[in-house]
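Here is a walk through a structure, going from one element to the next. Keep the viewer open as you read.

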Amino acid sequence: MPVLTPGLVHTPVTPFSHDGGIALEVYGKLLDFHVANGAQSLALPMHIGESVSLTDGERRALLEFAIARIGDRIPVLAHVSESGSAIAAALARHAEKAGAAAVIATTPYYWTPPATMLIEHFIAIGAATALPFFIYNAPEEMRGARITADLCRELIAKLPNFAGLVDLSLDWQFMIELMTDAPRLRPGFQLISGTELMVSPAAIGATGMFAPLAAIAPRMVRELYDLCRAEKLFEARTVQEQLAALRQSIKLGGVAGLKAAMRVMGRDCGEPRAPVLALEAVSLQRLVSELEAIALLRFEPRGW
Amino acid sequence: MQSPVTPFTDDFSLDLPTFERLLDFHVRTGATAISWPHHKGESLSLTIAERKLFAEAAVRVVNGRIPVTIHVSALAVEDTMELARHAQKIGADGILAITPYFWTPSLPAIEAYFVRLCSAIELPVLSYNSPSYLAGVEITGALMSRLIERLPNFAGVKEASFNSEKFLEISRAALSSRPDFALLTGVEYLLPSIPLGGVGSYSAAGSICPNLCSQLYHACMQADWPRARELQYKVSWLWLLFRDQYPSSLKGGMVMMGRPVGPTRPPLPTASKQRQSHIRSELERLGIFDSEPHGW
């Protein structure tokens, strides 16, 4: 299996134009912005990139466009989560053919799968490709479906390309249990923080971070990441607290909040697709005033 | 900080001589404070009279060598109030109280509860946040700030979410209002919490491996992260071993360490011989018998 250390992973939004189509020209600018502002890899389209609101054809076209635009500047990781195992596996095959550096998948949508079903699902996806395969543990987004350390141990035994876990459970008990074993069972196994709360995962042994907030605050994100990788964990606390505040402000509105904040920063990527609604005026006003209260945001780039 | 288990004789009555020995063991092996009776001390399986009796014993035996706090959470809030006043009367250094059990109280109800408790005594009050055991009931960051502003003796939190986002929400709110507010984790999750402003933890495994617990704490405070990581993995493995029907497996492990403390009161089971031997083999695998004290 090719070795891939994704490091600091930006997760771009998907810009839409007024007619609801993907605004590819804006997307190209956005990808360039991420590369120029600290990304070591890109993962797309993640949930924050509205993967579930894209058609199968759009998803494939988007990935191909991104890989062509990025070229060999940095690796592009393809998010292939789906409800049906075969549909996800087909996306994984496509990702490899399109030139992605790795695939990522979370638990199947809607179903409430027991562990045996999760194993089957992940094996179907992982076995469809020779690329490194990262599993995304996001119980809050996935209505409680969570990855356990036992499940990872079993997948390590069964899937030679299972390369690491992207954690959005934020659960210290799980992360520590995982890292006690997994890197011994699979040398090079990586724990990647699923969001910009990296200090605790870094202490536990995480080597990477997914960063949707890089669309707003790429400098803060990079500073946090660099301090964590240098194991300057006490020093990382100030920027960590500012990013936690930013995350809390954005989280209320989800994708709509992030896109609204991007507009404030001079990087308009339109509104989310249905069924997600744009922020209402009151929420927008609150978001803007919360952003003003985050001191370090003053030093972040405006515009493209 | 150590929270001793509660020793019982074979007929499930309180075993005072063993409790005294255990308190002394914790003080001698590096505990920085004693807190009793946590859920690990089977607080909810003790009568109020029994809790008062052993609280008095704890204060008497520790005798000012390190601080003693009393956990006062009870099913009835009136009992909690009584235990808090009692703790103050006997000379304890503080109390600890969880959000009320059973009722899934609203945020205003939690606020009213801590206001009443903190106003009834002058001792420092540590709150206890454990949403995963209490159906999501939790002290939010905003509520933490309000309580700190209203109550001069609202001094800290035992945080048992073990979750990056929840810890940061509380630490950001609390430390900006009161920089010396004590952020403690429920069991020894020191590695992920100390870089974010945590100052310590209560201990699950301290009656088994006090040396390991102290080493982990010091490695974190000295920012020796590679060593802290190795120690944290080991301590957390023990937590997973003991978490199941806590504290019966822990009491089973104490037998293996030469510090028997008797059975666990029902409805919790007492660790069977088979469970004890499983624990023994795990302790052997982790090298605990070589590095930790045996007997009292």
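**A barrel and its surroundings**

In chain A, eight strands close into a barrel, in the order β1-β2-β3-β4-β5-β6-β7-β8, with parallel pairing. On average, neighbouring strands of this sheet are turned by 25° against each other, ignoring direction. This is a predicted model, in which local features need pLDDT of at least 70 and side-chain atom pairs count only at pLDDT 80 or more, while totals for chains, interfaces and linings use all residues. Residues are numbered from 1 along each chain as its sequence is written, and chains are lettered from A and ligands numbered from 1 in the order in which they are written.

A few terms before we go on. Helices (H or I, at least four residues) and strands (E, at least two) are DSSP runs, numbered from the N terminus. Two strands pair if DSSP finds at least two bridges between them.

Start with β1 (residues 8–10) of chain A. Two bridges join β1 to β2 (residues 41–44) of chain A, and the two run parallel. Look for His10(A), which stands opposite Leu42(A) in β2(A).

Next, go to β4 (residues 102–105) of chain A, which pairs with β5(A) in the parallel sense over three bridges. There Ile104(A) has Phe134(A) in β5(A) as its bridge partner. How well covered is β5 (residues 133–137) of chain A? Mostly: five of its five residues are buried (a residue is buried if 20 or more other C-beta atoms, placed from the backbone, lie within 10 Å of its own, exposed if 12 or fewer, and partly exposed in between). Phe133(A), Ile135(A) and Asn137(A) point one way from β5(A), and Phe134(A) and Tyr136(A) point the other way.

Further along, β6 (residues 162–167) of chain A is joined by four bridges to β7(A), again running parallel. Val166(A) sits opposite Ile192(A) in β7(A). From β7 (residues 190–193) of chain A, Gln190(A) and Ile192(A) point one way, Leu191(A) and Ser193(A) the other, and all are buried.

Now switch to chain B and its helices. The axes of α1 (residues 16–28) and α2(B) come within 10 Å and cross at roughly 45°. Axes here are lines fitted to C-alpha atoms, for helices over the stretch in contact, and angles run from 0 to 180 degrees between N-to-C directions. α1(B) and α2(B) are therefore oblique to each other; angles under 35 degrees count as roughly parallel, over 145 as roughly antiparallel, 65 to 115 as roughly perpendicular and the rest as oblique. Leu16(B), Phe19(B), Glu20(B), Leu23(B), Asp24(B) and Val27(B) in α1(B) meet Phe54(B), Ala57(B), Ala58(B), Val61(B) and Val62(B) in α2(B), where a contact needs C-beta atoms, placed from the backbone, within 7 Å.

How do α2 (residues 48–62) and α3 (residues 77–90) of chain B cross? Their axes come within 10 Å and cross at roughly 25°, so α2(B) and α3(B) are roughly parallel to each other. Among the α2(B) residues that meet α3(B) are Ile48(B), Ala55(B) and Val59(B).

Gly186(B) is in the loop between β6 (182–185) and α7 of chain B. Gly186(B) is buried, with 24 other C-beta atoms within 10 Å. Not counting residues up to four places away in sequence, Gly186(B) touches Ser130(B), Lys158(B), Glu159(B), Ala160(B) and Tyr202(B).

Then comes α8 (residues 210–221) of chain B. Its twelve residues should span 16 Å at 1.5 Å a residue, and its end C-alpha atoms are 17 Å apart, which agrees; the expected span is 1.5 Å times one less than the number of residues. The buried residues of α8(B) include Leu212(B), Leu216(B) and Tyr217(B). What covers the buried residues of α8(B) includes α9 (225–243) of chain B. After α8(B) comes Ala223(B), with a positive phi near 60°.

α9(B) has 19 residues and reaches 25 Å from its first C-alpha to its last, close to the 27 Å expected. Trp225(B) and Trp239(B) are among its buried residues.

Finish at the contact between the chains, where 23 residues of chain A are in contact with 20 residues of chain B. On the chain A side, α6 (172–185), α7 (199–204) and α9 (237–251) each give two or more residues. The largest share of that side, six residues, comes from α6(A).

Conventions. Contact = placed C-beta atoms within 7 Å.
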